[in-house]
Amino acid sequence: MASSLLLFLLSFLILITSSKSTPTTITIPLSAPSFTELIVSSKNPLGSLSHLASLSLSRAHHIKSPKTNFSLIKTPLFPRSYGGYSISLNFGTPPQTAKFVMDTGSSLVWFPCTSRYLCSECNFPNIKKTGIPTFLPKLSSSSKRIGCKNPRCSTFFGPEIQSKCQECDSTAQNCTQTCPPYVIQYGSGSTAGLLLSETLDFPEKKTIPDFLVGCSIFSIRQPEGIAGFGRSPESLPSQLGLKKFSYCLVSHAFDDTPTSSDLVLDTGSGSGVNKTAGLSHTPFLKNPTAAFRDYYYVLLRNIVIGDTHVKVPYKFLVPGSDGNGGTIVDSGTTFTFMENPVYELVAKEFEKQMANYSVATEIQNLTGLRPCYNISGEESVSVPDLIFQFKGGAKMALPLTNYFSFVDSEVICLTIVSDKVVGPGIGGGPAIILGNYQQRNFYVEFDLENEKFGFKQQICA
């Protein structure tokens with residue numbers, strides 16, 4: 001069904017293309033309520049937990065598959081019912097406001113677009129697919145399609161795209177053929193559309209003309225647009241020339257409660273240097289292959305559970321010459337993913353240290369999470385600490401609520417996921433994906449100028 005819809009869309013898009021004083025801060029909110037509230041109040045708590053675990057796995061599978069002047073801007077960052085965090089941005093002249101999932105694991109910025117927009121399988125909580133707001137290019141005087149000979153068309157698709165500019169003479173300076181349609185696969189869905197040049201407007205702060213953005217005509221399971229914060233040239237940080245960006249994720253309730261924190265964009269221009277005190281830092285790594293160029297790799301040296309250092313083989317901690325292995329930080333994944341051999345080491349260590357508690361086998365089978373424990377009747381529960389130790393000595397000691405959650409009033413589960421592939425080898429792409437659920441209530445900073453990742457624990461709400 002999804003494949004036939006995408007084929008129809010591509011045919012439709014091809015038919016369309018063949019026809020005709022520097023401020024210092026801007027704040028964008030990010031929002032979300034607590035997971036425990038969702039599980040306790042949900043009519044189907046097991047279904048909610050299973051859904052989030054499934055989405056995290058789907059996202060991990062996508063990530064692991066290769067893919068072919070102002071100073072500060074602050075914008076509110078809101079948690080969403082489907083596990084991500086969103087921001088509002090203004091595009092066009094006059095501006096039209098759209099919501100975008102903030103995603104460090106992809107790069108294109110795109111919005112639902114035109115009155116013909118269609119979203120398949122988009123019946124998420126609090127979202128009606130027939131009521132998804134769309135950007136209307138015909139109402140914007142600054143909206144322009146990207147031409148096939150435009151350098152940004154080649155930057156996005158690669159130089160081989162020029163072979164598809166068949167209506168353009170090699171010597172033509174003003175070819176009117178539009179850049180071909182894009183189709184982007186995500187973990188749980190996809191989107192397709194046309195590239196536009198548009199004006200990005202931060203009210204009362206700054207206007208950025210000729211911003212490359214995707215006008216999506218059709219999507220599968222993508223209820224909002226996506227603001228790509230990855231490392232490719234088409235990402236929002238790259239197009240704005242950011243020196244760094246940072247956020248602090250509030251807890252989810254997965255019900256779209258309007259609680260938010262700030263996403264801060266920093267170009268480093270203006271007076272002074274914007275430094276954040278109290279951060280632990282670890283350097284970004286480069287993946288040796290172009291296939292995973294979007295991702296922010298860090299070197300995770302150790303996983304510590306209680307007083308035990310889990311002995312994770314080195315080949316899982318650093319990307320190999322084939323690009324596989326290593327750890328990335330991803331705001332678009334909900335629960336942290338670990339390649340099965342790593343996950344088994346972690347799960348078994350928790351099982352060893354929590355052997356006194358009753359295993360909730362039925363809940364494990366229903367949700368796919370492990371270990372889960374029935375703690376009814378327990379006066380107190382002792383859960384070992386979980387610490388991620390990175391290159392350079394940075395230690396991320398997770399709060400208990402960031403790695404164990406209640407399924408109901410009696411059962412708790414470890415909120416780390418893995419696929420069911422077993423064996424000693426490494427699957428494609430990163431072996432560990434640090435998801436947004438484990439990043440909650442940490443201030444995190446992506447220092448692009450100095451190629452390092454910083455963090456400190458704090459209350460984000």
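Student: Is Glu445 buried or exposed?
Tutor: In this predicted model, Glu445 counts as buried, because its relative accessibility is 4% and the cut-off for buried is under 20%.

Student: And which side chain does Glu445 meet in a salt bridge?
Tutor: The partner is Lys244, with a distance of 3.4 Å from N to O.

Student: What about Lys244 itself, buried or exposed?
Tutor: Lys244 counts as buried, at 11% relative accessibility.

Student: How many salt bridges are there in total?
Tutor: The count comes to seven salt bridges. One of them joins the side chains of Arg231 and Glu451, at 2.7 Å from N to O. That pair also links distant parts of the chain, given that Arg231 is in the loop between strand E11 (225-228) and helix H5 (236-240), while Glu451 is in the loop between strand E28 (442-447) and strand E29 (452-457), 220 residues apart.

Student: How do Arg231 and Glu451 count in terms of accessibility?
Tutor: Arg231 counts as partly exposed, with a relative accessibility of 21%, and Glu451 counts as partly exposed as well, with 26%.

Student: What separates Glu344 and Lys348 in helix H7?
Tutor: Glu344 and Lys348 are four residues apart in helix H7 (residues 340-353), which means that about one helical turn separates them. Their side chains meet in a salt bridge, at 4.0 Å from N to O, and Glu344 counts as partly exposed at 22% relative accessibility.

Student: Which residues are linked with Glu344 in a network?
Tutor: The network of salt bridges links Glu344 with Lys348, Glu351 and Arg370.

Student: Changing topic to the sheet, in what order do the four strands come?
Tutor: The open sheet has the order E20-E21-E25-E24, and the pairing is antiparallel. Strand E20 (358-359) and strand E24 (404-406) stand at the edges, and since each has a single partner strand, one side of each is left without a neighbour in the sheet.

Student: How many bridges join E24 to strand E25?
Tutor: Three bridges join E24 to strand E25 (residues 411-414), and the two strands run antiparallel. As for individual positions, Phe406 stands opposite Ile412 in E25.

Student: Remind me, through what do strands of a sheet pair?
Tutor: Strands of a sheet pair through backbone hydrogen bonds, in either a parallel or an antiparallel manner.

Technical notes: Residues numbered from 1 in each chain as written. Predicted model: local features only at pLDDT ≥ 70, side-chain atom pairs only at ≥ 80, totals over all residues. Heavy atoms only, no water. Pairing = 2+ DSSP bridges. Buried < 20%, exposed > 50% of the residue type's maximum accessible area, 1.4 Å probe, protein only.
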